Amino acid sequence: MPLIYLKNKNNGITYVYESENYWDKAKKQSRSRRTCIGKLDSQTGELIPSKRLTASHRPAKPGPVPVTETKRLYAGATYLLDAIGEKLGITADLKQCFPEQYKLLLSIAYFLILEDPNPLIRFSKWAITHQHPYGKDIPSQRSSDFFASITEEARERFFRLQGRRRAEKEYWAYDTTTLSSYSECLKQVKYGMNKEHDPLPQINLALLFGEQSNLPFYYRKLPGNISDVQTVKKLLADMDFLTYKKIKLVMDRGFYSEANINAMYQHHLKFLIGVKVTLKYVQEKLESARPQLQKWENFHPDYNLYAQSTTITWKYTQRRPYKGDVLEGERRAYLHLYFNKEKETEDAYKLNRLLAKLKAELESGKRDPEHEKSYAKYFEVKSTPKRGTVVKPKQEVIDAAVKNYGYFALLSNEIKDPIEALVVYRNKDLVEKAFGNLKERLNFRRMEVSSERSLDGKLFVEFVALIYLSYIKKVMREKKLFQRYTMQGLLDELDVIECYERPGRDLKFGEITRRQIELYEALEISAPASL
């Protein structure tokens, strides 16, 4: 049953109710009844059960569910996921948010992780041969009903619980991706700038990722026609209900705008963001820094680039609609400038290829509508009856671009050192890798759901699965396991371990090889005791 959270305005206590829908035959309409099951602890956010709970509402006694039949099942990989869930608090947090259905949710997440890329309709076959939290088959209709039952309140509570487990001093990488959809009846599925050039309509997915923990802890679904710049406003609004403190964001330059920088100052957030070197204030600083920037004293051999930082004054503005005025002031910021010789060569190659392509399109008359701005920027086009189409490059514009080959810039209101800023910024690539896991390993590149509630619910389960995958990938990278295994290869290595269930006896695991024990230890999990 879904949970309802209601805050008492008089005493400030948030009470938790179980809500049950039923059909009133007399009034011939759907009704609901609520039963108070406790209140939330104001400090931890955990549920404090009510003393007046009836026996039917009390949580089940701890301990394993009695086995009623003898089974031999594969359990090595699901054992690993069980242990990771306990270690990261995923199981405990899900149990608080979905007290009656958390095991069903975990089993679906396990299937998505272990059975890449099989669709969920294959769950029945997998459940027959594997031990998993739910312990039973989950028919397709049952999973669809479950996805639709996941409420916004439960999701937000899970985000808050997981967020408290993350170090507040770490930077949070923020980025968006596009998820294509075959459905035309979902409200937020819109045509927009698809990052993978997929012709289908899409939704945008925004994700927050801890740079030290390497784990995701928040996401937001957005309409497909919303640009990256606009998503920051929504993110800042969401920070209020998440009740996080000491927020630090790292974003690429697609999120840069003066309005967003002002908004982050207004909300007292620390940030690191990529900026275009063509911006006026960046060009001014770059012009004065060019003579010194490429001197050997500014060269960092570990990163094969030159780096230099300068303090700038940000002209802060804040519009106050309720007072009808604009606050103005000055804020300190740090502009980090970089030059990389390899990037200089790469920039030259890209621009030359682009100019050649644009010129060929113009001369052939096969203009690409998406290139119209570039045509106007780099070329003058004239057509005469005798000479036909004459394409002349705008050399001064090309020279300006050449001047900036190899340079890039970052802006922060906290990090003073250019190399520290570079390391933090490059770590945000883990978000891109997470998107890859979501689309490839979790089979969510193109959505095949037909309702908003089902989409929201399935996306949440995919997100839970992503936390497990992110942990495994992080440890594999740290322990250099990718030199010997792919992620699927590692999971397959453990998946062949069997367990034995017999009525009246404890669960027993079969033989475990030395290699399998070493894998558990490398993943920082104690291996199960074998026979």
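This is a predicted model: local features need pLDDT of at least 70, side-chain atom pairs count only at pLDDT 80 or more; totals for chains, interfaces and linings use all residues.
Two or more lining residues are contributed by each of the strands β10 (270-275) and β16 (407-412) and by each of the helices α10 (341-364), α11 (372-378), α12 (395-403) and α13 (418-426). Among these elements, α10 provides the largest share of the lining, with 6 residues. When the lining of the second largest pocket is divided by residue class, 18 residues are nonpolar, 5 are polar and 11 are charged.

Helix α15 (residues 452-478) takes part in two of the helix contacts considered here, one with α3 and one with α16. Helix α3 (residues 102-114) packs against α15 at an angle of about 60°, and the two axes are 9 Å apart; with this angle, α3 is oblique to α15. The crossing in which α3 passes α15 is right-handed. On the side of α3, the contact involves Leu 105, Leu 106, Ile 108, Ala 109, Tyr 110, Leu 112 and Ile 113, while α15 supplies Phe 460, Val 461, Glu 462, Val 464, Ala 465, Tyr 468 and Leu 469. Of the residues in the contact of α3 with α15, 13 are nonpolar, none is polar and 1 is charged.

In the contact of α15 with helix α16 (residues 487-495), the axes come within 11 Å and cross at roughly 100°, and the two helices are therefore roughly perpendicular to each other. Here α15 contributes Leu 469, Ile 472, Lys 473 and Met 476, and α16 contributes Met 487, Leu 490 and Leu 491. The division by class gives 6 nonpolar residues, no polar residue and 1 charged residue for the contact of α15 with α16. Leu 469 of α15 is listed both in the contact with α3 and in the contact with α16.

The remaining contact joins helix α2 (residues 90-97) and helix α6 (residues 152-164), whose axes come within 9 Å and cross at roughly 145°. The crossing in which α2 passes α6 is right-handed. The residues in contact are Ile 90, Asp 93, Leu 94, Gln 96 and Cys 97 of α2, together with Ala 154, Arg 157, Phe 158, Leu 161 and Gln 162 of α6. In the contact of α2 with α6, the residues comprise 6 that are nonpolar, 2 that are polar and 2 that are charged.

Note on methods: Residues are numbered from 1 along each chain as its sequence is written. Side-chain values use heavy atoms; hydrogens and water are left out. Helices (H or I, at least four residues) and strands (E, at least two) are DSSP runs, numbered from the N terminus. Ala, Val, Leu, Ile, Met, Phe, Trp, Tyr, Cys and Pro count as nonpolar, Asp, Glu, Lys and Arg as charged, and the others, Gly among them, as polar. Axes are lines fitted to C-alpha atoms, for helices over the stretch in contact, and angles run from 0 to 180 degrees between N-to-C directions. Angles under 35 degrees count as roughly parallel, over 145 as roughly antiparallel, 65 to 115 as roughly perpendicular and the rest as oblique. A crossing is left-handed if the near helix is turned anticlockwise from the far one by less than a right angle, and right-handed if clockwise. Contact means heavy atoms within 4.5 Å.
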